[in-house]
Amino acid sequence: MSDPQTTTAVPGIRNDPVAGAVWMLVSCALLAGVAALGRYLTSVGVHPFQVVFLRVLFAFVTMLPLLAFRGTELFRTAQPKIYIWRVISATIAMTTWFSALALLPVGEVTAISFLTPIFATIGAALFLSEVVRVRRWIATLAGFAGVLIILRPGFESLGAGALLAVVSAFAMGTTTIILKHMTARDDPDKIVFISTALLVPMTSVAAVFVWDGLTTQQWLLLFVMGLIATLGHVTLVRAFAATEASIVIGFDFARLPFAVLFGYLALGELIDIWTWIGAGVIFVSTVYIARREAKLKHETAAGAVVAPPRS
């Protein structure tokens with residue numbers, strides 16, 4: 001783990017690895033809870049589009065008290081176009097995520113979601129012209145091998161649920177790239193508040209066409225989902241704001257045992273050994289990519305400091 005006294009941090013962002021780890025672990029537990037609730041609700045007949053909209057709506061409601069402390073300043077940002085792109089990618093990610101949860105155990109969908117940083121690496125190389133060297137490409141290919149271990153094409157039927165989970169991971173990877181840029185200019189609470197406010201009308205469009213009546217218990221569970229989703233994303237953004245991404249990502253694997261535990265308690269679900277192995281391969285790949293990226297950034301920064309000025 002990096003020493004906060006010697007590690008080069010992102011300008012304007014404090015570097016506290018312990019705080020980043022704690023925020024990430026809390027976020028993992030909360031987001032695993034959202035996945036388990038989504039799995040349960042879709043298993044009893046609530047349409048995924050309706051789950052997505054009400055999850056976002058209730059998340060926004062739980063964030064309204066922030067206005068009492070921050071006022072209208074909470075709506076102001078110097079990067080509105082980036083928020084639009086984040087909302088589009090987040091809508092795709094959530095819609096495919098909850099659709100996958102309607103078809104697969106929560107632990108399996110969570111395992112596939114570990115592809116997110118790998119897709120972020122590919123996206124950074126293709127769209128941000130980031131240099132990705134051979135060892136990171138090898139780690140990326142190893143991550144995809146982990147997915148093949150989970151899905152076992154040719155041995156198991158490759159269903160719509162698995163494909164939706166992969167699409168969701170791709171969209172979440174896109175969102176991750178966008179989020180890294182947003183935290184440099186806006187604080188975590190503002191990012192989550194503005195994003196959630198924009199997601200309400202965006203996700204309502206699809207929900208209108210599948211709307212159905214809900215029971216009192218379903219309304220209550222959806223409200224709880226909105227609350228813990230808000231807390232989960234606030235703590236996630238705080239984790240990235242507290243320290244380097246390479247440290248934060250190192251704790252992301254905690255989502256899997258949390259998801260398996262909650263899936264077992266809510267629905268009696270368990271995942272097979274191949275899912276654990278595949279998830280482990282993907283996770284090791286993502287940690288290597290994150291650590292390699294951090295090392296190269298530190299070397300570049302150190303070189304810039306010691307290099308003599310040009311005449």
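The crossing of α2 with α10 is right-handed, a crossing being right-handed if the near helix is turned clockwise from the far one by less than a right angle and left-handed if anticlockwise. The helices involved span residues 48–63 (α2) and 216–242 (α10), and their axes lie 7 Å apart at an angle of about 65 degrees. Axes are lines fitted to C-alpha atoms, for helices over the stretch in contact, and angles run from 0 to 180 degrees between N-to-C directions. On the α2 side the contact (heavy atoms within 4.5 Å) is made by Val51, Leu54, Arg55, Phe58, Ala59, Thr62 and Met63. On the α10 side, Trp219, Leu222, Phe223, Met225, Gly226, Leu227, Ala229, Thr230 and His233 take part. By class, the residues of this contact comprise eleven nonpolar, four polar and one charged; Ala, Val, Leu, Ile, Met, Phe, Trp, Tyr, Cys and Pro count as nonpolar, Asp, Glu, Lys and Arg as charged, and the others, Gly among them, as polar.

The model is predicted, with local features requiring pLDDT of at least 70 and side-chain atom pairs pLDDT 80 or more, whereas totals for chains, interfaces and linings use all residues. Residues are numbered from 1 along each chain as its sequence is written, and side-chain values use heavy atoms, with hydrogens and water left out.

The protein chain contains 13 helices and zero strands, helices being DSSP runs of H or I with at least four residues and strands runs of E with at least two, numbered from the N terminus. Of the 311 residues in the chain, 50% are buried (under 20% relative accessible area; exposed is over 50%, partly exposed in between, with a 1.4 Å probe and protein chains only). Among contacts with a separation of 6 or more, 88% join residues 24 or more positions apart.

Helix α4 (residues 80–101) packs against α1 (residues 17–43), the axes coming within 8 Å and crossing at roughly 60 degrees. The pair is therefore oblique, a class left for angles that are not under 35 degrees (roughly parallel), over 145 (roughly antiparallel) or 65 to 115 (roughly perpendicular). The crossing of α1 and α4 is right-handed. Val34, Ala35, Gly38, Arg39 and Thr42 of α1 meet Trp97, Phe98 and Leu101 of α4. Five nonpolar, two polar and one charged residue make up this contact of α1 with α4.

Helix α4 also packs against α8, at an angle of about 155 degrees with the axes 8 Å apart. The helices α4 and α8 are therefore roughly antiparallel, and their crossing is left-handed. Residues of α4 in the contact include Ile82, Trp85, Arg86, Ala93, Thr96 and Trp97, while those of α8 include Leu164, Ser168, Met172, Ile178 and Met182. The contact of α4 with α8 divides into 16 nonpolar, seven polar and one charged residue.

Ser168 lies in α8 (residues 160–182) and counts as buried because its relative accessibility is 0%. Beyond its neighbours within four places in sequence, Ser168 contacts Ala93, Thr96 and Trp97. Between Ser168 and Ala100, 68 residues apart in sequence, the C-alpha to C-alpha distance is 8.5 Å.

Trp137, in α7 (residues 134–151), is partly exposed, with a relative accessible area of 36%. The C-alpha atoms of Trp137 and Ile118 are 9.4 Å apart, with a sequence separation of 19 residues.
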